[in-house]
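Please keep the sequence and the structure open while you read.

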Amino acid sequence: MSKLIVTVDSASNLPNVDTFGASDPYCIVEIKGLKSKTKVIDNDLNPVWKEKFEFDVGPPLTAEDKVIITVKDYEKIGSDKLLGMCEISLKDLVKGGKQTIEVNAPLQDANKRAIGATIKLMIAYIGKKKDGSTANERQGTVVDVRADDGDSELDYEVDEPDGDFGDPSLEGHHDQHHRRRAGGHHRRRRNVGSAARRKTRSKLSNKPQDFQIRVKVVEARQLQGANISPVCRVTCYNQMKQTRIKKSTNSPYWGETFFFNFHVSPADLMEELVECGVFNSRRLRSDALIGAFKFDLGMLYEEDGHAFLHKWLLLCDPEDPQGGAKGYLKICAVILGPGDEAPSFKQTANADEDEDIEANLLRPAGVQLRPATFTLRVYRAEDLPRMDSEMFQGVKKIFTGTSTKELVDPYLVFQFAGKEVHTDTKYTDDHPEWNEELRIGLQFPSMCERIKLQMFDWDRLTEDDVIGTAYIDISLISAQGESGYLPTFGPAFINFYGSPREFSELGDEFCALNEGKGEGVAYRGRLLAELRTELGETPDQSKGDISEDQLTKVQKFLRRRKFRLHAAFGSATMISEVDAPVEFEISIGNYGNKLDDTVPPTASTTQPTNAVFDGVHYYFLPWGKTKPCAVVDSQWEDISFRLHAVNFLHKIIQRLDESIEKINVAMKAKLPEEEQAQFVIAALDDLILMCNKDLPEWEPGQSPVNELDLYLTSLRENQLKSIRAAATKLRAECTSVEEALNELDSFRSQIRAVAVEPQNSFPDVVIWMLCADKRIAYYRMPAYEVLYCKNDDFRGKFCGKVQNVLFKPPSVKQNEENRLEIPALVRLTVWLGHEKDESEWLRMQREGSLSVLAETYENEWYFVKWMKSGPGRPAWSDASGRVEILKDKLTPPAGWKWERDWFVSPELSLFYDKDAGHSEFLEDVYVNETRMPGGAWQDAKVKYTDVKGDPCSEFENIKPPEGWRWKDEWKVDFNRPCDEEGWEYTVEASMGGYVPTEKMFHMCRRRRYIRPRVLISATSPIDETKKMPEEITDPEQCWEYAIGFGQKFHANKRPVDLVRRRRWQRKLLPTKPGAPCFFNMTEKAGDNKALLAAPRMVLMYDKPRRWQLRAYVFQARDLLAGDQTGLSDPYARVIFHTRSGSPSGLTRPCAPPGTRLSYLTASKRSAIRRVWLTIRPRLWWRFSTTISWARTSSLAGPLCSPW
């Protein structure tokens, strides 16, 4: 029987939770469900108990067992309050014989955060290990495997959870979920060491029977070597199988399962070996082995379920086990006999984050992993979003004693290989400065591929919320080989992304994005950090303070420079939101976010515009000849030298892609070998020329170069030098086009591996589609793709060039549905550069005239008559109504002047009729009747109305517009909730709420008559420039009407309309180049906090060009099935600019043949010829299927060039 003796000595610095006097502490000791508690010490924050407790723990303790210490404050009335708690691991005691340890453990609160209190204990254990082995056998599980000849031995060790290094106090920094997760990897120990100590296996049958051995090769990591193409070979008994070859990678993923079938006796089978070897397919056979791992089937059979599930194997050189680790291989394996059920090899998507990977490692004896320490220096964070409600700030003030400033209480969690450490919590601070060092011990090299950083918001009353998540890939900050280097990073900023920044009292439906599940849709702040790796050392302490010298050195990395982001929107089609005006917002970091009050306003949005039907399938925004522009000013540290290097490498990859495509086309066309060879020679010459160029250099004024920058520059230069030499040799010695093509593909993979910048502190550019101040869809692009540089080789590939972007709605990866549904297709041009280089952007606008317009809205309310004062917004304001802009008191900013007087600029979409773009339209009229309670029905005062209650003509007198004809007669619409006569009832017509059943209290009813009409002859689709009015001289014609300011506006007044507005604009001209254009507001409305207002920016074109597109649709292949029959009813749609078309549909085939013509007519374009001839506008092809009982479902949607 095992016995545990715990002596509770004393505690110090306990928190005082009593209102009067001091706390009355007592201590509870718990082990394996057994509890004992000390006496209560009254009014003492440093109690001394000196009490001893003995626990009969029954079976021998294991390394997983822990003593749980809880200190509480005794209360005569009510439940006792928690003062602190801790968990003490017993792994150092479970060694056999009598062991004693003295512990001075730090206490934590319920959220596992240190409170500054400690408790002193003495713990003694009397008993033996569960397996009866001695202390010397505790260092690992040793498996002795006899080869076929019985002469050789191979030893393998299984690492214990948490390893044998690191400070035991580190356990206190792990949350409860992590401890439970790490504990789940404890395995039953076996001792099959040398022949003298070999464990006797139970006697097995000699009768032959059927066995199946399944081995799944999942992936490999940290494979040694440069430019390798690994393949895994699995040998079992007398059979061998191998995976596919993965080109140019050190971390291949295979996911292949092999089946080995045998008819042998169990006694013979269990003595056989399984060997997993990873080879470099690019080398000769004698030099191809990277690393291998062997184990006997008996070891596998003794596992629970006769299976290895997601085990990591440490690969080594069988001829030189002391040569160290050669990489890691992840496998699943199982032995199945007659009647056995196979386990599932499937693993969850976030398995690496939910388990301690290093505790799940099999490694050969003698192959040692070096202990190492990751030291993360956490300096500060910026731009953190609001996370808390204002209603809880009073509670937080009581607990923290601080005044309310920012509604976020951040702390950072540093996680790697199942271990984690966190910083202190900074209360009410959205720009916290921690200046702490976080340390985690590890075994090096580790198979864990990335470091996880999570920022949390502390909450006293609820669970802590995740602010954002970021990852650092180990492969990007380290390198192997003779010129390799240990993982290092920074000092540099790390950007966090997640859900939209706007705080909601109702919760965040996309909060899972903050945990790293799916693509983050918004910038959530950033962290200044630095990572260093030390070999041969383990951390004595998990946390510490950064030295003053280091804090002084990091100050030079905080220098900022002014950058300016420009965007010109050419067109927007496939708009999904048609019930309210749509606008687009562009931002970088937190700059440009119109819904965030913490940043100054900028001209980051387009004007709100109502979508108009294109006449066939989709809605577009009628911008006409006036294209909206946006500009965002921001300040960042200048890391252009890093991003220019990335652009240069991407330029080489792009040119390689084009060359390889040409060679493939030539081979497919079966051109003569001489012509194919010319393409190969041209590709190699171009590659050699590009590799001869120098990488960008650091320039004065830019952010200082750190250690990783020097390593990456050297690595990239050596890689390009090596490729240049190999390409030169290939050009001279190549004998076949296929060989050259394979080598070119290998060169491309090598360059792509170094074309990633791990220290990209520039936030991504995010473009949002907004509707009624609600974020509907987004598009996110890396900033380096639009970054300007005078050297064209270093310039972003989309800088100042037209691109067509497909928006997508924010969604969590697990709940993503209808991923082919497109909220918007936008054609735009984006430019990012230094403020001093802004003239380059202006030089690109050759035909369009860039204009800056001051803008204000005149608002009126209807109370008997139209009035200038009303609730909700000022009489003169911006489009949102949040900023008061008085037209008469607005003065030009410094460096600007007025060009002309104020003029009314109506919204263009108001001039489109409701049937604009339609070839068939359904006219409807409602017949209304009223009655007194209990009386008979009679005609209403306004008998004929439309659906909104506006008066209209009697339906029999309505004539079709010019160019239209009636398709059918007027008839009652029964395809709606109504009774058998078509009536629907309500209490009051102005209140709505119609129902199909008549009640005595109903006083109004209506019946709908409908009549379809069609165009007499086919005409051109709607033209976005056709309806543009001439300059209006009468401002009274330009009012927009609506029920409320949050509703969609229309041109003609209706009886229910209570508000109206009209837009005034005035053009500005610069008198000083580069002068900022922001209006200082001298008056505010209510509690409005905005003090600045930004003008509108537009590109005006006066030379529209007419285009005609004919799209020939021949056939499609391998379309997805659209219904339960496994077939589809496919049809294609072609979208070009603001036009769309569709050829005729087919029934049932999934591979529709034949030729169909989509004819898009008379499309006017306000665009620059230079842009359209060099950039090539894109077509959007959309393949869909029609389902008889459901809506149309999308199958695919590629982009292509029209020439």
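**Notes on salt bridges, a buried arginine and a sheet**

1. E449 is partly exposed, with a relative accessible area of 27%, where buried means under 20% relative accessible area, exposed over 50%, and partly exposed in between, using a 1.4 Å probe and protein chains only. The side chain of E449 meets that of R221 in a salt bridge, at 3.4 Å from N to O, a salt bridge being a side-chain nitrogen of Lys or Arg within 4 Å of a carboxyl oxygen of Asp or Glu. This pair links distant parts of the chain, since R221 lies in strand β12 (residues 209-221) and E449 in the loop between β24 (433-444) and β25 (450-457), 228 residues apart. R221 itself counts as buried, at 3% relative accessibility.

2. Before going further, please note that this is a predicted model, in which local features need pLDDT of at least 70 and side-chain atom pairs count only at pLDDT 80 or more, while totals for chains, interfaces and linings use all residues. Residues are numbered from 1 along each chain as its sequence is written, and side-chain values use heavy atoms, with hydrogens and water left out.

3. For the chain as a whole, there are 12 helices and 61 strands; helices (H or I, at least four residues) and strands (E, at least two) are DSSP runs, numbered from the N terminus. Buried residues make up 52% of the 1203 residues, and the structure holds 59 salt bridges.

4. A second salt bridge joins the side chains of E637 and R526, at 2.7 Å from N to O. Here too distant parts of the chain are linked, with E637 in the loop between β34 (626-636) and α7 (640-668) and R526 in strand β28 (residues 522-535), 111 residues apart. Both E637 and R526 are buried.

5. D773 forms a salt bridge with K594, and the closest N and O atoms are 3.4 Å apart. The two residues are 179 residues apart, D773 being in the loop between β35 (765-771) and β36 (774-781), and K594 in the loop between β31 (582-588) and β32 (612-613). D773 counts as partly exposed at 33% relative accessibility, and K594 counts as partly exposed at 22%. Elsewhere, R377, E437, R439, E530, R532 and E707 are linked in a network of salt bridges.

6. Where is R931 found, and what does its side chain meet? R931 sits in the loop between β44 (920-930) and β45 (938-945), and its side chain makes a polar contact with the side chain of E998 at 3.0 Å. A polar contact is a pair of N or O atoms within 3.5 Å; within protein, one must be able to donate a hydrogen and the other to accept it, and residues adjacent in sequence count only if both atoms are side-chain atoms. R931 is buried, with a relative accessible area of 9%.

7. Finally, 4 strands form an open sheet in the order β14-β13-β16-β17, with antiparallel pairing; two strands pair if DSSP finds at least two bridges between them. The edge strands, each pairing on one side only, are β14 (239-242) and β17 (289-296). Within this sheet, 7 bridges join the antiparallel strands β13 (residues 230-236) and β16 (residues 273-280), and the bridge partner of P230 in β16 is N280.
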